[in-house]
Amino acid sequence: MTNILDFPATALVAKTVPKNAFYKRAKPQRINALKQFLTDAFENITWLYKLHPSTLKIAAGEQVQEIDVFHCLVKTAKIDPALLLEIDALIPRHTLFVLQYPDRTEVVMQLKTLTPSSVSCSAHIETLAAEELKNKPLCIRGQDMDSVYAYLLGQVSGLHTTTETAYLSASTLRKELNNLHKQLTALQNKIRNEKQFNLQVAMNTQAKQLKNLITEQEQKLTKIVFV
């Protein structure tokens with residue numbers, strides 16, 4: 001397995017991981033479903049990198065001790081993200097997945113918080129396409145593991161945030177903006193099909209209000225990202 005993300009060679013592991021390692025912590029009633037998913041979706045899974053204070057020569061984090069990067073050779077055109085998130089939630093380490101499909105490669109991760117007794121995940125997967133990686137490869141940056149993890153999350157999400165707090169705020173705003181844009185598109189379609197002039201005027205007023213709100217939210221997002 002080559003150093004496909006061009007991370008430090010000291011972090012390269014390149015060892016095949018048996019699929020049962022990913023579902024053995026599942027509840028008994030979920031084992032068969034997750035086993036079937038892993039069998040159907042992946043040809044093989046490789047533990048590609050171990051990002052750790054000892055391999056990166058940086059300080060340990062308060063929240064993040066290690067980030068494991070897994071390369072997954074995908075058999076199918078797409079996979080169920082909910083099942084990948086479910087499997088990720090079983091792994092008691094911070095993670096990043098490189099999904100190599102037959103026709104494309106994606107880097108995915110979700111915000112994960114670990115405590116001595118539990119794993120808490122955001123249940124929202126962030127995806128970075130290989131085409132974007134060609135223009136701007138992932139960088140490992142930070143003085144400790146917490147900052148390295150936050151910086152990776154900012155890159156994969158495309159939000160370019162540098163802390164988990166900023167990521168959470170920016171991610172929430174981005175979801176709100178996506179919903180606002182959908183509302184605006186639906187309203188503009190209704191305006192085009194509306195025959196009554198007075199209703200067109202009323203809906204145009206609503207559309208203007210939505211556009212103003214979108215502008216305000218975009219400005220807030222810019223402030224978070226560039227703080």
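# Close-up views of the model

View 1. Aspartate 144 is partly exposed, with a relative accessible area of 24% (buried means under 20% relative accessible area, exposed over 50%, and partly exposed in between, using a 1.4 Å probe and protein chains only). Before going on, please note that this is a predicted model, in which local features need pLDDT of at least 70 and side-chain atom pairs count only at pLDDT 80 or more, while totals for chains, interfaces and linings use all residues. Residues are numbered from 1 along each chain as its sequence is written, and side-chain values use heavy atoms, with hydrogens and water left out. Aspartate 144 sits in the loop between α5 (130-135) and α6 (145-157); here helices (H or I, at least four residues) and strands (E, at least two) are DSSP runs, numbered from the N terminus. A polar atom of the aspartate 144 side chain lies 2.9 Å from the backbone nitrogen of serine 147, and one lies 3.2 Å from the backbone nitrogen of aspartate 146. These are polar contacts, meaning pairs of N or O atoms within 3.5 Å; within protein, one atom must be able to donate a hydrogen and the other to accept it, and residues adjacent in sequence count only if both atoms are side-chain atoms. Not counting residues up to four places away in sequence, aspartate 144 touches Ile58, Ala59 and Ala60, where contact means heavy atoms within 4.5 Å. Lysine 57 is 87 residues away along the chain, with 9.1 Å between its C-alpha atom and that of aspartate 144.

View 2. Six strands form an open sheet in the order β1-β2-β3-β4-β5-β8, with mixed pairing; two strands pair if DSSP finds at least two bridges between them. At the edges are β1 (12-16) and β8 (126-129), each pairing on one side only. From one strand to the next, the twist averages 20°. Helix α2 (residues 28-41) packs on this sheet and touches β2 (42-51) and β3, its direction making about 95° with that of β2. Axes are lines fitted to C-alpha atoms, for helices over the stretch in contact, and angles run from 0 to 180 degrees between N-to-C directions.

**View 3. Strand β3 with its partner β4.** Strands β3 (residues 67-74) and β4 (residues 94-100) run parallel and are joined by seven bridges. Cysteine 72 stands opposite leucine 99 of β4. Aspartate 68 also belongs to β3, and with a relative accessible area of 2% this residue is buried. Its side chain makes a polar contact of 3.3 Å with the side chain of tryptophan 47. Beyond the neighbours within four places in sequence, aspartate 68 has contacts that include Tyr49, Lys50, Arg93 and His94.

**View 4. Helix α2 passing helix α4.** The axes of α2 and α4 come within 11 Å and cross at roughly 115°. The crossing is left-handed (the near helix is turned anticlockwise from the far one by less than a right angle; clockwise would be right-handed). From α2, the contact uses Arg30, Leu34, Phe37 and Leu38, and from α4 it uses Leu83, Leu84, Glu86 and Ile87. Six of the residues in this contact are nonpolar, none is polar and two are charged; Ala, Val, Leu, Ile, Met, Phe, Trp, Tyr, Cys and Pro count as nonpolar, Asp, Glu, Lys and Arg as charged, and the others, Gly among them, as polar.

**View 5. Helix α4 and what covers it.** Helix α4 (residues 81-88) has Leu83, Leu84, Leu85, Ile87 and Asp88 as its buried residues. Their cover includes α1 (20-23), α2, β4, β5 (105-109) and β6 (112-115). At the N-terminal end, aspartate 80 caps α4, with a side-chain oxygen 2.9 Å from the backbone nitrogen of alanine 82.

**View 6. Glutamine 110 in its loop.** Glutamine 110 is placed in the loop between β5 and β6 and counts as buried, at 1% relative accessibility. A polar contact of 3.0 Å links its side chain to that of aspartate 88. Apart from neighbours within four places in sequence, glutamine 110 is in contact with residues including Leu85, Ala89, Cys121, His124 and Tyr149.

**View 7. The hairpin of β6 and β7.** Strand β6 and strand β7 (residues 118-121) run antiparallel, with four bridges joining them. The hairpin connects β6 to β7 through two residues. Threonine 113 has serine 120 of β7 as its bridge partner.
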